[in-house]
Amino acid sequence: MDYLSIREMVHHKQKKVLSECCTHCKENIVVFDRFIEDPNIFVITLQKRIKINKSLLLDVNGHSQRFKLTGIVYFGEFHFTSLLFDSEFNMLYHDGIVTKSGLWSVGHISDLDDLYRYKDRNARLIIYKSV
């Protein structure tokens, strides 16, 4: 299934409608996946273009827990780079070849129209932190 955003993908994966029917009511069985404990971080790998949301709500033991975007790892031309986000969504860029062990401040998340692509590389790993 193709999803428009990470939020839509996570919501769909936490609620599954099975093709099996209940033997009593004859309705499709619905299964809800949830975390029993707050996982602190939530990491998603990507294989194709999708909208990257700044925050997500996940079901943690029956309660909605907010997760905030904290990093994106990009890949292209056999090389990884990354963007890290502080609590105000200011961006820090890392490229081991260019920035060495340092991080460069490169603006604010609002400066980007599309978080999926950055400096000719595509997002492959998205990292969210529980807030």
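Analyst: Here is a short tour in questions and answers. This is a predicted model, in which local features need pLDDT of at least 70, side-chain atom pairs count only at pLDDT 80 or more, and totals for chains, interfaces and linings use all residues. Residues are numbered from 1 along each chain as its sequence is written, and side-chain values use heavy atoms, with hydrogens and water left out.

User: What is Thr81 in contact with?

Analyst: Contact means heavy atoms within 4.5 Å. Leaving aside neighbours within four places in sequence, the contacts of Thr81 include Ile72, Tyr74, Tyr93 and Arg121.

User: What makes the largest nonpolar core a core, and how many residues has it?

Analyst: A nonpolar core is a set of buried Ala, Val, Leu, Ile, Met, Phe, Trp, Tyr and Cys residues joined through side-chain atoms within 4.5 Å. The largest one here has 28 residues, and those with the most contacts inside it are Ile6, Ile44, Ile52, Leu69, Ile126 and Tyr128. Elements giving two or more residues to this core include helix H1 (6-14), strand S3 (41-45) and strand S10 (121-130). The largest share, 4 residues, comes from S5. As for Ile44, leaving aside neighbours within four places in sequence, its contacts include Ile6, Met9, Leu56 and Tyr128.

User: How do you know that Lys48 and Asp2 meet in a salt bridge?

Analyst: A salt bridge is a side-chain nitrogen of Lys or Arg within 4 Å of a carboxyl oxygen of Asp or Glu. The side chains of Lys48 and Asp2 meet at 2.3 Å, N to O. Lys48 lies in the loop between S3 and S4 and Asp2 in the segment before H1, so this pair ties together parts that are 46 residues apart in sequence. Lys48, at 48% relative accessibility, counts as partly exposed, while Asp2, at 58%, counts as exposed.

User: How many salt bridges are there by this rule?

Analyst: The count comes to 3. Among them is the pair of Arg49 and Asp114, at 2.5 Å, N to O. This pair links distant parts of the chain, 65 residues apart. Another is formed by Arg117 and Asp120, at 4.0 Å, N to O.

User: What makes the pair of Ser130 and Gln65 a polar contact?

Analyst: A polar contact is a pair of N or O atoms within 3.5 Å; within protein, one must be able to donate a hydrogen and the other to accept it, and residues adjacent in sequence count only if both atoms are side-chain atoms. The side chains of Ser130 and Gln65 make such a contact at 2.9 Å. Ser130 is in strand S10, and with a relative accessible area of 10% Ser130 is buried.

User: Which residues make the nonpolar surface patch?

Analyst: Leu84, Leu92 and Leu103 make a patch of about 210 Å². Patches are made of residues with over 30% relative accessible area and no salt bridge, with like charges joined within 9 Å and nonpolar side chains (Val, Leu, Ile, Met, Phe, Trp, Tyr) within 5 Å. Leu84, in strand S6, has a relative accessible area of 34% and is partly exposed.

Technical notes. Buried < 20%, exposed > 50% of the residue type's maximum accessible area, 1.4 Å probe, protein only. Areas by Shrake-Rupley, 256 points an atom, 1.4 Å probe, with all protein chains shown as cover.
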